[in-house]
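Here is a short walk through some strands, a sheet and a few backbone details. Please keep the viewer open as you read.

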Amino acid sequence: DGTTLVLVDFQETENETQELNGEYKCMIYNKFDGSHITRHYDIKIFFPADLHWDNKPKEAAEEEGRRQPRFPKIRVLEIGLNWVLLNWTLVTSSRNFNKGNVTRLNVTLTDMAWHVLTPSVLYPNDTGTFNVTGLKPGTLYKVKPKTLNEHGNAPGMVHTFKTDMKAEVKCDRAEISGPVHKKVTVVCQIRGRPEPDTSYVGAYNTEVTRTDDRVKIAKLVIFLSPAPEMRTACINALNKHNHAETCIQTTVYCQPLPAPQNGSVAYNDPHSTVATATYECEPGYHLVGPKQLHCVPETASWDVTPSLCDGERLFRTRHAG
């Protein structure tokens, strides 16, 4: 870059100029600022016109620079679950450097912690492809290329890529239950590279969000229905590697019955598909209808009309006598 650092070894002498090998000139002097004396050094460097920084003749150094290897450029062609297909191209800089031949190309593949995984040595043409296997699915990698010849090396730009991964679906619930026609929300995560296409059976999706790791968060809304074909809700994820499916089983029971006026209703198990509802009336009232109702699991409905508690007939009977 035009900057040269030179370490000069000279013998210190007060207020004297020294010349070393005709290339360096040093002036040492003291300066009094009114309170104390400081030592100052003036060093000037002179290069003969025919010398380069490495003490080689200028023409020879430039010629050697022109013979340094060309830069490598890496491009990802295709990515699999545990492999990657890379393409290299040797490019020429617009400067005088990196226009020489390339005796070999080193391609170092590392994980993000720079642990070397698969170093490759190639003896390339101007362009070519090669396949790297044994990688981990869904993992971020770095590719660092470098060309070499007898005059030096030329590093290329580091390229990053992430391997593919199979489609996955995970939901926060595997089973849900509730009264008929209730709306239930289930949260599911869909992952995969390439990003999977999703579809739903027995449910519909209300919201999809994405994270940095290409995870889709789907909020599924499921209406509990007694129909047999609606007792299972499924979410599907499909990419080029596989098809993943997760299903949620539903249990539907009868809607709770309201307590009758001047009475009450009790259940043996209100969250059961075979629940039994038992009616009782307050003193002075009598039951109109059956004392017990049974939930029919096939339809998630009660077998008869809910009962009532009536006091008018009992009142008329007492006063008729």
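Let us begin with a pair of strands. Strand S5 (residues 83-91) and strand S8 pair in the antiparallel sense over seven bridges; pairing requires that DSSP finds at least two bridges between two strands. Strands here are DSSP runs of E with at least two residues, numbered from the N terminus. Within this pairing, Leu85 has Asn131 of S8 as its bridge partner. Asn131 belongs to the uncovered face of S8 (residues 127-133), together with Thr127, Thr129 and Thr133, while Gly128, Phe130 and Val132 make up the covered face. In a regular strand the side chains alternate between the two faces of the sheet.

Before going further, a word on the model: it is predicted, with local features needing pLDDT of at least 70 and side-chain atom pairs counting only at pLDDT 80 or more, while totals for chains, interfaces and linings use all residues. Residues are numbered from 1 along each chain as its sequence is written, and side-chain values use heavy atoms, with hydrogens and water left out.

Next comes an open sheet of four strands in the order S13-S19-S18-S15, with mixed pairing. S13 (175-179) and S15 are at the edges with a single partner strand each, so one side of each has no neighbour in the sheet. From one strand to the next, the twist averages 20°, an angle between N-to-C directions on a scale from 0 to 180 degrees, with axes fitted to C-alpha atoms. S15 and S18 (residues 232-238) run antiparallel and are joined by five bridges; there, Tyr200 has Ile235 of S18 as its bridge partner.

Thr147 sits in strand S9 (residues 140-149). Thr147 counts as buried because its relative accessibility is 0%; buried means under 20% relative accessible area, exposed over 50%, and partly exposed in between, using a 1.4 Å probe and protein chains only. The side chain of Thr147 reaches the backbone oxygen of Arg70 at 2.6 Å. Beyond its neighbours within four places in sequence, Thr147 has contacts (heavy atoms within 4.5 Å) that include Pro69, Pro72, Leu90 and Val102.

| Residue | Phi | Relative accessibility |
|---|---|---|
| Asn262 | near 70° | 24%, partly exposed |
| Ala300 | about 55° | 6%, buried |

Asn262 lies in the loop between S19 (243-253) and S20 (263-267), and Ala300 in the loop between S23 (292-296) and S24 (301-302). Finally, the peptide bond from Arg193 to Pro194 is cis, with omega near 0°; Pro194 is in the loop between S14 (183-193) and S15 (197-201).

Key
A polar contact is a pair of N or O atoms within 3.5 Å; within protein, one must be able to donate a hydrogen and the other to accept it, and residues adjacent in sequence count only if both atoms are side-chain atoms.
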